[in-house]
Amino acid sequence: MSGVDWQHTVIAVISRLLSVGPMPPPLQTELLPSAALPAVSFVAEEVVLLRRFAPTAALRSAIDAIAAAAPFRHLSTPGGGSMSVAMTNCGAWGWHSDARGYRYLERDPGSDLPWPAMPLALAELAARAAATAGFPGFAPDCCLVNRYAPGAQMGTHRDFDEHDLRHPIVSVSIGLPAVFLWYGASRQGPPTRVPLVDGDVLVWGGRARAGYHGVRRLPVRAEAGALRYNLTFRRAR
Ligand code: SIN
Ligand code: FE2
């Protein structure tokens with residue numbers, strides 16, 4: 001076991017122990033310089049933030065390859081609106097939304113081809129993040145790729161279209177910073193605000209698995225051409 005793996009195992013054990021103890025106060029991370037932030041922290045019970053956990057240069061190349069096979073598109077909501085976040089998928093199942101509702105599809109409805117396979121490195125990253133957060137044995141079969149241009153947002157929702165909610169969610173941030181909003185069991189606020197930067201990974205599961213969350217609108221003053229990506233790993237089936 002390498003030094004880094006060993007560190008992760010220790011962190012996972014500590015995280016697990018802490019998660020059955022009393023709740024720490026919510027993070028007010030925007031008050032702290034990022035160098036002072038702990039590598040692993042709790043946003044809420046069973047909602048774990050892994051600071052700068054993901055190697056984002058490699059992930060950007062993976063996203064480019066996925067988008068070359070299954071281009072980003074703005075899906076429509078069941079209510080007839082268009083999502084401000086552009087999406088694509090890799091893995092055995094892809095998340096989709098249109099007038100018929102939210103669901104998982106085995107083929108990209110744009111091309112009628114299977115979604116691009118999930119690169120092993122992505123599945124391994126998700127499994128390692130989940131284990132570090134206290135959820136060992138995670139094997140995602142879907143990676144939803146979200147692309148946020150300045151001005152895009154993700155309204156309050158919960159991830160509820162999967163068959164078995166015992167599997168956690170692993171959510172990786174790449175590129176422009178954003179503020180993630182954790183509401184938990186009720187969508188009535190106020191949420192816990194979690195500023196996310198390039199490489200941050202959020203993991204939620206257990207009693208937090210069906211928690212409400214969203215992403216605040218990205219400011220439009222961002223430098224031209226800059227984007228935020230988010231990879232959401234789930235077990236759909
Ligand atoms: C989502 O919850 O669907 C996206 C989360 C994010 O972009 O950070
Ligand atoms: Fe979500």
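Predicted model: local features only at pLDDT ≥ 70, side-chain atom pairs only at ≥ 80, totals over all residues.

Trainee: Understood. Which residues are around ligand 1?
Mentor: They are Asn 146, Met 154, Ser 171, Ser 173, Phe 180, His 213, Val 215, Asn 230 and Thr 232. Three elements, β10 (169–175), β14 (212–215) and β15 (228–234), each give two or more residues to this shell.

Trainee: And how many nonpolar, polar and charged residues does that shell have?
Mentor: The shell around ligand 1 has six polar residues and three nonpolar ones, and no charged residues.

Trainee: Let us move to the overall fold. How many helices and strands are in the chain?
Mentor: The chain has 15 strands and three helices. Of its 237 residues, 40% are buried. Among contacts with a separation of 6 or more, 75% are between residues 24 or more positions apart.

Trainee: What is the strand order in the open sheet of seven strands?
Mentor: The order is β1-β2-β13-β10-β15-β8-β3, and the pairing is antiparallel. β1 (40–44) and β3 are the edge strands, each pairing on one side only. On average, neighbouring strands are turned by 20 degrees against each other, direction ignored.

Trainee: Which helix packs on that sheet?
Mentor: Helix α2, residues 56–69, packs on the sheet and touches β3, β8, β10 and β15. The direction of α2 makes about 100 degrees with that of β10.

Trainee: Back to β3: how many bridges does it form with β8?
Mentor: There are five bridges, in the antiparallel sense, between β3 and β8 (residues 142–148). Within that pairing, Asn 89 stands opposite Leu 144 in β8.

Trainee: What does Cys 90 touch, leaving out residues up to four places away in sequence?
Mentor: On that basis, Cys 90 touches Ile 66, Trp 115, Pro 116, Ala 117, Met 118 and Cys 143. Cys 90 and Pro 119 are 29 residues apart in sequence, with their C-alpha atoms 8.3 Å apart in space.

Trainee: Which residues have the most contacts inside the largest nonpolar core?
Mentor: That core has 58 residues, and those with the most contacts inside it are Leu 50, Ala 129, Cys 143, Val 170, Val 201 and Val 203. Val 170 touches Ala 126, Ala 129, Ala 130, Phe 138, Val 201, Val 203 and Phe 233, again not counting residues up to four places away in sequence.

Trainee: A change of topic: backbone geometry. Where is there a cis peptide bond?
Mentor: A cis peptide bond joins Gly 189 and Pro 190, with omega about 0 degrees. Pro 190 is found in the loop between β11 (178–184) and β12 (192–196).

Trainee: What is the phi of Glu 46?
Mentor: Phi of Glu 46 is near 65 degrees, a positive value in a residue other than glycine. Glu 46 is found in the loop between β1 and β2 (47–50). Asp 112, also not a glycine, has a positive phi of about 60 degrees and lies in the loop between β6 (107–108) and β7 (113–114).

Trainee: Why does Asp 112 count as exposed, and why does Glu 46 count as buried?
Mentor: Asp 112 counts as exposed because it has 7 C-beta neighbours inside 10 Å, whereas Glu 46 counts as buried because it has 21.

Note on methods: Residues numbered from 1 in each chain as written. Chains lettered and ligands numbered in written order. Core = buried A, V, L, I, M, F, W, Y, C linked by C-beta atoms within 7 Å. Buried ≥ 20, exposed ≤ 12 C-beta atoms within 10 Å, placed from the backbone. Contact = placed C-beta atoms within 7 Å. Near = placed C-beta within 6 Å. Helix = DSSP H or I, 4+ residues; strand = E, 2+ residues; numbered from the N terminus. Nonpolar A, V, L, I, M, F, W, Y, C, P; charged D, E, K, R; others polar. Pairing = 2+ DSSP bridges. Axes fitted to C-alpha atoms, helices over the stretch in contact; angles between N-to-C directions.
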